[in-house]
Structure formats: C-alpha cells, structure tokens
Amino acid sequence: MTEKLISQETRVLRRGMSPAAVLFAALFAAQAAILVLSPILPQVAAEFGVSTASAAQLRSVSGLTAGVLALVLAATGQRFSLSSLLYGGLGIIGFGALVSAVAPTFVVLLLAQMVIGAGLAAVISGGLAASETWAASGESAKVLSWALIGQPIAWVVGQPLVGLVAGRDWRWAWVAVPLASSVMALVALGFRDRTVGDQGQDCDPIGLWKQAGMKWWAVGELLAFAAWAGTLVYAGAVFIESYSLSVGTTGLVLGAGALFYLPGNALGRRLLDKDIGPVIAGFSVIAAVGVTLFLTTSANAIVAFLLFTVAVFFAAGRTIAGAAMGLQISDGRRLAAMSVRTAAAQFGYLLGAGLGGVLLETWGFAGAGWGFGILFIAGAAVHLPRLLSGRGSLGTAGRFLRRSRPTASSSGTR
C-alpha cells in the first residue's frame, strides 16, 4: 500500500504540460524559423547588396543542412534521448535566430542559417518521434496530429507578425518570431508531463531500410513534399501576378488558406484506423487535382483561393497519414524513420522549388501546376506495387499508434 501511494504521489508530481502541447510548441518554433525569410528577402538583399535570388539561397542552405543532418541523425540518434534532442535543437534555433538578427555581413547570416538548419533536423525529427513515444496509451494519433498542426499555425500567426515588425527593421523579425517561439517551446519542454518515459531510440539504419515498404515510403514522402513545398513557394506569386493582389492581401489570403490544414489534419487522423495505403493514395490524388487546378485556372482570385484551400485540406490529411505510416513500418525505429522523413521534407523543398522554377520559366504557372500534380500522384503510385503484389494491406496505422507502451515507472527516463 505504501509503495502504491508513493508511486501515485510521484506520478502526480511529474504531471505537467501535455506532450501534445509541448510538441505543438516545438514544431511551431521550427516552422517559425523557416517562414521568416520569405517576406523579408528584398530587405535583406538591399542591406547586404546582393540580388533577391542570392538572398533566397539562405533558405536553400538551411534546408540542405537540415536534410543532411537528419540523415546523420537517422544513423546516430540512439546516442540521445528525445528530450535532449529537442532541448538542443530548440536552443540551436534560438541561437541561430539571434545571430541572424545581429549579422553584420551576408556571410554571417548564411552561417546562421546553417545553424538553424541543424536545429530544424533535431526538432522536427525528435518531435515527430516523441509523438509516439511520449503519448499515453491510445493517444499517439492525437499527439501526432497536434504536433503537425504546430507548423501551419506558425504560418498563420508568424506571417502577419513578421510583416508587422519587419516594417521597422527586418532584423526584429528574427527576434519576434523564431527566437521568441523557441524560448517559449523550451519553457514548455521544461514543464512537460514526465509520467511517460523518454527511453532511448533504436536507430539502426540498416535494419530500418530492411523493413518492408520503408524505401518506397521514403521515396513517396520525398515526392509528396516536393509537390507541396513547390506549391507553397509559388502560391504567393500566383495571387500577386495572376490576380493583382497586393503583398499584404496575399499574406492574409495565404494565412486564411492555411487554416484549412486543421480540418484536413483532423480527417486524416480519423482515417488512420483504415488501411493507410488507400488513404494516402486518395488524399494525394485529390491534392494533386487541387494543386493543378489552382495553378492552371485563371478565373478569379476567389476561385483560386477555394482551389488552394482544397489543396491545403487534402495535403494536410496526406501529411499525417504519411507520418503515421513511417512510424508504423519502422518497427520501433521511430527516430530513424522520422529523421528520414525530415530529410525528405527538406530535400523535397529544394526539389520542388527548383523544378517549379524550371517549369515556370518554360510553361508558366500552368506548367508548374501539372508538374506538382504529377509529383503528388507519383508519391502515391510508389505504394501500388506492394498493394497489387498480393502481399496484403499496408496496415492500419491507427491501431499501431494506439497500442500500449511502457510508462516512466517501467522504462525509466534518460
């Protein structure tokens, strides 16, 4: 009886902020570090005397760094607990944002973006892996959903805030958005609920790639991220150049469209108890149609906005389904799988932006629309051989995510 009372008292003392809230804050901070550059590129280019195209490479550098380090993390991440990865990653993002705010030269700003890229690799990979490890039994799908929602909400909140403070000086944008959000996420992490353990992660990259469907899953994630990242890169230009909206109005339109990520994410979460392969395929095809029509139709701004929201809605559902599939087939190698996903997202950004630029120069927005639509469908098609080979279903990710896992009392913390 005494031991039971002590155990209950310890559990109460260790209760704190829910994993869903903590991981929401962490991925919010990661996305905040990504979105800052887009609105302030002209100001940065003017201050350092470089072209806007050259300034845009700052995001490419952070993305490339994040992608490479995520792959390294997939192989070596077992050396770290998930909490230490998040503490370190958030601290690195905050430091990189601070250096960016005071950078005296373009080279220093470039190096600061590489630092931020390193933080992104740790936070996104560790945060998504923690969504399954830290969640109480039966709540993993919910925690994963809230973690992923942190990114679009950062877009909705961060873009107007960047515009507000950058009007005074672009340097304040780094303080107001990524630095502030990383500090808040660190505080939330310090108060996280510790009744669920923080056990080490089995990375084992060789074993990971031997898992059935893992290679095709990684390819599918890369193609889907390339399609969606490319769409987001050029979405603003569509409203400005095709429909003559102002920069300020375009920011509000994109922010309003991003809100449709929330119901799309919720629907995707509800469908995790279904066979996950057809869910990914269906959402990908509809997102492809939405993206293609958004970039090829020239009716009016209202129609374009509605098509954009369709793309956002189904891209959101496909995103949570893809992450859940990776956790499902990783056979416990959560951090390794989510590190691969992080790398796919960052390299997908580079692929989507680069391919979109080529298509845009050659065939205009319509060419980019068809290209991104094809990428979405290709990202779903890579799973067809497994489904058609007679080897059965890809499984129901929801049941996998809801199975029991050890608590802190049984596994300990690191």
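## Salt bridges, cavity and core in a predicted helical model

Of the 414 residues in the chain, 54% are buried (under 20% relative accessible area, with exposed meaning over 50% and partly exposed in between, for a 1.4 Å probe and protein chains only). The model is a predicted one, in which local features need pLDDT of at least 70 and side-chain atom pairs count only at pLDDT 80 or more, while totals for chains, interfaces and linings use all residues. Residues are numbered from 1 along each chain as its sequence is written, and side-chain values use heavy atoms, with hydrogens and water left out.

**Overall fold**

- The chain has 18 helices and zero strands, where helices (H or I, at least four residues) and strands (E, at least two) are DSSP runs numbered from the N terminus.
- Among contacts with a separation of 6 or more, 86% are between residues 24 or more positions apart, a contact being heavy atoms within 4.5 Å.

**Salt bridges**

- Four salt bridges are found in a search of the whole structure, each defined as a side-chain nitrogen of Lys or Arg within 4 Å of a carboxyl oxygen of Asp or Glu.
- E132 forms a salt bridge with R334, the closest N and O atoms lying 2.0 Å apart; because E132 is in helix α6 (residues 106-133) and R334 is in helix α15 (residues 334-381), the pair ties together parts that are 202 residues apart in sequence.
- Both ends of this pair are classed as buried, E132 with a relative accessible area of 1% and R334 with 14%.
- E221 forms a salt bridge with R318 at 2.8 Å between the closest N and O atoms, and since E221 belongs to helix α10 (residues 214-243) and R318 to helix α14 (residues 301-329), the pair ties together parts that are 97 residues apart in sequence.
- E221 is buried at 1% relative accessibility, and R318 is buried at 3%.
- Through salt bridges that share partners, E221, R318 and R341 are joined into one network.

**Cavity**

- There is one cavity of 30 Å³ or more, a cavity being a set of points, on a 1 Å grid over the protein atoms alone, where a 1.4 Å probe fits but cannot get out, and lining residues having an atom within 4 Å of a point.
- The largest cavity holds about 80 Å³ of space, with grid points joined across faces, edges and corners and the volume taken as the space filled by probe spheres set on the points.
- Its lining consists of E221, A224, F225, W228, A315, R318, T319, R341 and F376; the elements giving two or more residues to this lining are α10, α14 and α15, and the largest share, four residues, comes from α10.

**Nonpolar core**

- The largest nonpolar core has 121 residues, and those with the most contacts inside it are I40, W174, F294 and F376; such a core is a set of buried Ala, Val, Leu, Ile, Met, Phe, Trp, Tyr and Cys residues joined through side-chain atoms within 4.5 Å.
- Helix α14 provides the largest share of this core, 16 residues.
- Leaving aside neighbours within four places in sequence, F294 is in contact with T231, A235, V238, F239, A304, L307 and F308.

Note on methods. On a 1 Å grid over the protein atoms alone, a cavity is a set of points where a 1.4 Å probe fits but cannot get out, and a pocket is an open set with protein on both sides within 12 Å along at least five of seven lines; lining residues have an atom within 4 Å of a point.
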